[in-house]
Amino acid sequence: MIHSKLILKKHNSKFKLHNSGRAGQLMLTTVLILGGTMIGASLIAGFLTLRSIRQGGLAVDSAQAIFAADAGLDFMFNKCFKLSGCTDASGSGSFSICGNNGADALKNGACYIASYQMDSTKTYFVELRSVGYSNWQTKTVARTLVANFM
């Protein structure tokens, strides 16, 4: 029985010697191609996931900037129309809560710069503008709201 196993091994070894170069090369090439494909697919999926996470963060920053710009526009409407505080001799002016090391910023860290512009005769308003920023330090995301009067 031991002798018959040796014969089978010898018979198999002759067969392997005949096709061993091609079979090993084909197997190695197949493994490399499949491995490369899987790594590539994983990298693409990771990149797309990271991009969607970043966009989610930008949506929050964008919303903060829009609400800050809205607060600035409300401030200018109140100051110019209700309080009549827009009577600068130059016909234009601005107000900012983005300075002062963030002490004047909104509670969520957002800030705005609001401005007004009057016509050349200084009798009526041409434009009220407010630029809101999501963060008073970096000012990375900015949204602008403008009220034009014709």
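## Before we start

Since the model is predicted, local features need a pLDDT of at least 70 and side-chain atom pairs count only at pLDDT 80 or more, while totals for chains, interfaces and linings use all residues. Residues are numbered from 1 along each chain as its sequence is written, and side-chain values use heavy atoms, with hydrogens and water left out.

## The overall layout

The protein has 1 helix and 4 strands, and from the N terminus they come in the order α-β-β-β-β. Helices (H or I, at least four residues) and strands (E, at least two) are DSSP runs, numbered from the N terminus. Helix H1 covers residues 2–82.

How much of the protein is buried? Of its 150 residues, 21% count as buried. Here buried means under 20% relative accessible area, exposed means over 50%, and partly exposed is in between (1.4 Å probe, protein chains only). The accessible surface is about 10,900 Å², with 63% of that belonging to carbon and sulfur atoms; these areas come from the Shrake-Rupley method with a 1.4 Å probe, and for residues only the protein chains shown count as cover.

Now for contacts, meaning heavy atoms within 4.5 Å. Take the contacts with a separation of 6 or more: residues 24 or more positions apart account for 50% of them.

## The four-stranded sheet

The strands make an open sheet of 4 strands in the order S1-S2-S3-S4, with antiparallel pairing. S1 and S4 are the edge strands, as each pairs on one side only. On average, neighbouring strands are turned by 10° against each other, direction ignored; for such angles, axes are lines fitted to C-alpha atoms, for helices over the stretch in contact, and angles run from 0 to 180 degrees between N-to-C directions. Two strands pair if DSSP finds at least two bridges between them.

S2 and S3 pair in the antiparallel sense over 8 bridges. They form a hairpin with 6 residues between them, and Lys122 in the turn has a positive phi of about 60°. Across this pair, Gln117 stands opposite Glu127 in S3, and Ala114 stands opposite Ser130 in S3. On to the next pair: S3 and S4 run antiparallel and are joined by 7 bridges. Ser130 turns up again here, standing opposite Leu145 in S4.

## Two side-chain links

Which cysteines form the disulfide? The structure holds 1 disulfide, and Cys98 is joined to Cys111 (S to S 2.1 Å). A disulfide is a pair of cysteine sulfur atoms within 2.5 Å. The torsion about this S-S bond is about 95°, so the disulfide is right-handed. Cys98 lies in the loop between strand S1 (92–96) and strand S2 (111–118) while Cys111 is in strand S2, so the pair ties together parts 13 residues apart in sequence. Both Cys98 and Cys111 are buried.

A search of the whole structure also finds 1 salt bridge, which is a side-chain nitrogen of Lys or Arg within 4 Å of a carboxyl oxygen of Asp or Glu. The partners are Glu127 and Arg129, whose side chains meet at 3.2 Å, N to O. Glu127 counts as partly exposed because its relative accessibility is 21%, and Arg129 is partly exposed too, at 31%.

Leaving out residues up to four places away in sequence, Phe125 touches Cys80, Phe81, Cys86, Tyr116, Gln117, Met118 and Phe149. The C-alpha atoms of Phe125 and Cys80 are 9.0 Å apart, although the two are 45 residues apart along the chain.

Next, find Ser134 in the loop between strand S3 (125–133) and strand S4 (142–148). Ser134 counts as buried because its relative accessibility is 4%.

Last up is Ala71, which sits in helix H1. Ala71 counts as partly exposed at 26% relative accessibility. Its C-alpha atom is separated by 8.3 Å from that of Gly132, 61 residues apart along the chain.
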